[in-house]
Amino acid sequence: MTSHIMKVQERLLLTHLNKQKSTYQDPLQFAYRHGGGVEDVIIYLLQQTGCHLDKAGSTLSTPFSPVGGSKATRAACELPNNSQKKKSSIELLSFLLGSTTNMEKWPEIEKAATEQRRELVLQGGGVDERISSCGGLPSSLYSLQLLNYLEVSQCPSLTEIHVEIQHLTNLQSLVLCRNKLTSVPDVIGILKSLKVLDLSVNNLKCLPQGIAQLKELNTLNVSCNCLEALPGGLSQCTKLATINVSKNQITTFPPDLFSERLDLLSTLVASDNSIHELSGEICKLSALKVLDVSNNKLSEIPSDLSDCPKLKEINFKGNKLGDKRLEKMVNGCQTKSILEYLRGKGRGRRDEEGGDSDKKKRQQQQQKKKGKAREEKDEVEELNKMVVRVLHVSEVPTALTVKVNAEVKDVRPYLVCCLVRGMSLKPGNALKRFLMAQTKLHDDLCGRRTIATIATHDAQLVKGPLVYDVRPPTRLKVVPLGRREMTAVELIRQLHLEADELRKQKKRQNVTGLHKYLQLLEGKSVYPCLVDADGDVISFPPITNSEKTKIKKTTTELLIEVTSSTSLQTCKDVMDAMIIKMAELNKFTAEHQEEAGSDGEEDGARQPAADAETSSQLIVQQVRTVDQDGNLKVVYPSKTDLSKEFSNFTVIW
């Protein structure tokens, strides 16, 4: 838009100058004519530009309005062409140019357009200030038609989304959480590719009916708003798997929500609302596994709920139930007992209604057997699947961030990180298999660390935020794995001595261990390092990470770090391979019940099957990497990551 305005100004100015100058005058000499001057040109320029911008149908008038353009143009058109208003004209021109400058302060959008990016994240105080000054998001955002992931979050000044969002037809994920949105345009229904819609933590009182047109929608999160009802027609979104409407003012579910068409809906969270009734039609949700309606106004739980074949987790706490025995079970979170009680209660009620009770009993037994067989089959299928669930960074208030200093650009510039939970390292040789898999990836995919390097940390021992920086070899202090604290110079010298000794002992050229990576740092005046909040180096790529964050059998959450001097995509590819390998190892551990290791961390008891099944799912939490000014560089994993096709590998976003 700014370029259009400048072109208009340039043409108007040249046209005016050409009329005013004599045949022998250069256009620049116009300012020195008798009775004329630069101020006269400014006045004329403002008048003509203002009138052009205010013309009906002008493509520049609408984008200009948010920064006060209409007011400026009206004032410009009213200025008399005399020297008494020269000062006012100059001030007005400054205002006009200042307004156009404000519109240029969206480098993220310009970069996304130039590099044809598929993802864009706008969040935080700096973005919020720009939204406030511009009166909303810039129209240039809606021209990024290649986007498949858009996030605008943590911006209290954002109260509405423009209808131009309908142009982003390739969007698969739209995250507009933690803002102050009061409405969402109905045209959102045009985004036919949308799979994830997150409108959580806003001020929405109603949802657009257009949501029902999103046939590909998989996840709908509208928690923490002011909603009193859900739109009808959600049964048309047949691919819905997760709905979260918690912390609203909803009093009842729309009738068509409990539809057989929603045969993929596995999670329904509606806690902290004012729901007073739960329909028995809920049993039509054949895939329902998790149901949370805690802290509502329910007085009864329908017995039909027990007919949901896959239901594994229910939460009815905080409801004043009429059946006190059932309420006691609810407060104890005894899902299996609750379902059995409801099943018996429903059976008794049907007998009271008359009919052939023996026949009904036989039918119920047959259904129960079929349900059990189906459940066992589903459990086997689930066990054979490698499941990775991605936890979005917006869902974690204290999410870890990594700041990358500019100095790493000439040493080892690329880095991605993520947090992984659910990795079982206790049983048998699980930890040993994990470390061997990491070594194999280093040797193969990472080209013996020449292409990339993987570092793993016990996340519970990592103090964030982290900084990826460089330090001179004499000032870089680290506690290498299995060694005392030393500087990088001392470590490199010691590793060289060990390498020479190994060559003499084994009478060969090649050596093993850390020694084979020493040449990767030759000629570097500074070395890369990852530093925690205490100022301690926890990683010194590509050589070693620190004893301070070393993983053990008791580690329950891992920080995975991949660095490279090749490209950012290389880091992502290696990280993808690492997570897929971790999922494979977890599946293997779940299928083979091994005795605990002999390091004294376990008592030798075998792992229960239920625990093994639970631990077979990995949770990968996104980690943001930002530059020195806090601008986002990369977030991993994003929608384009972990996208390799495997028949038994599932990623849940």
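View 1. A search of the whole structure finds 0 disulfides, a disulfide being a pair of cysteine sulfur atoms within 2.5 Å. This is a predicted model, in which local features need pLDDT of at least 70 and side-chain atom pairs count only at pLDDT 80 or more, while totals for chains, interfaces and linings use all residues. Residues are numbered from 1 along each chain as its sequence is written, and side-chain values use heavy atoms, with hydrogens and water left out. Two cysteines can be picked out here. Is cysteine 237 buried or exposed? Cysteine 237 counts as buried because its relative accessibility is 0%. Cysteine 224 is partly exposed, at 29% relative accessible area. Buried means under 20% relative accessible area, exposed means over 50%, and partly exposed lies in between (1.4 Å probe, protein chains only).

**View 2. The whole chain.** The protein chain has 14 helices and 23 strands. Helices (H or I, at least four residues) and strands (E, at least two) are DSSP runs, numbered from the N terminus. Of the 653 residues in the protein chain, 47% are buried. Among contacts in the protein chain with a separation of 6 or more, 60% are between residues 24 or more positions apart. Contact means heavy atoms within 4.5 Å.

**View 3. The largest nonpolar core.** Which residues touch the most other members of this core? They are Leu197, Leu291 and Phe316, in a core of 74 residues. A nonpolar core is a set of buried Ala, Val, Leu, Ile, Met, Phe, Trp, Tyr and Cys residues joined through side-chain atoms within 4.5 Å. Elements that each supply at least two residues of this core include α6 (107-114), β1 (119-123) and α9 (335-352). The largest share, 4 residues, comes from α9. Leaving out residues up to four places away in sequence, phenylalanine 316 touches Leu278, Leu291, Val293, Ser294, Leu298, Ile301, Leu305 and Val330. There is also a second, separate core of 32 residues, with Met423, Leu558, Met575 and Met578 among them.

**View 4. Strand β20 and its two partners.** Strand β20 (residues 557-564) is mostly covered, with 8 of its 8 residues buried. Glu557, Leu559, Glu561 and Thr563 point one way from β20. Leu558, Ile560, Val562 and Ser564 point the other way. Strand β12 (residues 414-421) runs antiparallel to β20, and 8 bridges join them. Strand β13 (residues 452-458) also runs antiparallel to β20, joined by 7 bridges. Two strands pair if DSSP finds at least two bridges between them. Which residue of β20 is the bridge partner of cysteine 418? That partner is isoleucine 560. Threonine 456 also stands opposite isoleucine 560.

**View 5. Leucine 415 in β12.** Leucine 415 lies in strand β12. Leucine 415 counts as buried because its relative accessibility is 3%. Beyond residues up to four places away in sequence, leucine 415 touches Val402, Tyr468, Glu561, Val562, Thr563, Leu568, Cys571, Thr625 and Val634. Alanine 452 is 37 residues away along the chain, and the two C-alpha atoms are separated by 9.5 Å.

**View 6. Strand β14 between two pairings.** Strand β11 (residues 401-404) and strand β14 (residues 466-471) run parallel, joined by 3 bridges. Lysine 403 stands opposite valine 467 in β14. β14 also pairs with strand β17 (residues 527-531), in the antiparallel sense, over 5 bridges. Here valine 467 stands opposite valine 531 in β17.

**View 7. Helix α11 and what covers it.** The 14 residues of helix α11 (residues 430-443) should span 20 Å at 1.5 Å a residue, and the end C-alpha atoms are 20 Å apart, which agrees. The expected span is 1.5 Å times one less than the number of residues. Buried residues of α11 include Leu431, Phe434 and Leu441. What covers the buried residues of α11 includes β13, β20 and α13.

**View 8. Helix α13 and aspartate 576.** Helix α13 (residues 568-591) has 24 residues and reaches 35 Å from first C-alpha to last, close to the expected 34 Å. Of its 24 residues, 17 are buried. Aspartate 576 is found in α13. Why does aspartate 576 count as buried? Its relative accessibility is 7%, and buried means under 20%. The side chain of aspartate 576 makes a polar contact with the side chain of tyrosine 636 (2.5 Å). A polar contact is a pair of N or O atoms within 3.5 Å; within protein, one must be able to donate a hydrogen and the other to accept it, and residues adjacent in sequence count only if both atoms are side-chain atoms. Leaving aside neighbours within four places in sequence, aspartate 576 is in contact with Tyr636, Asp641 and Leu642.
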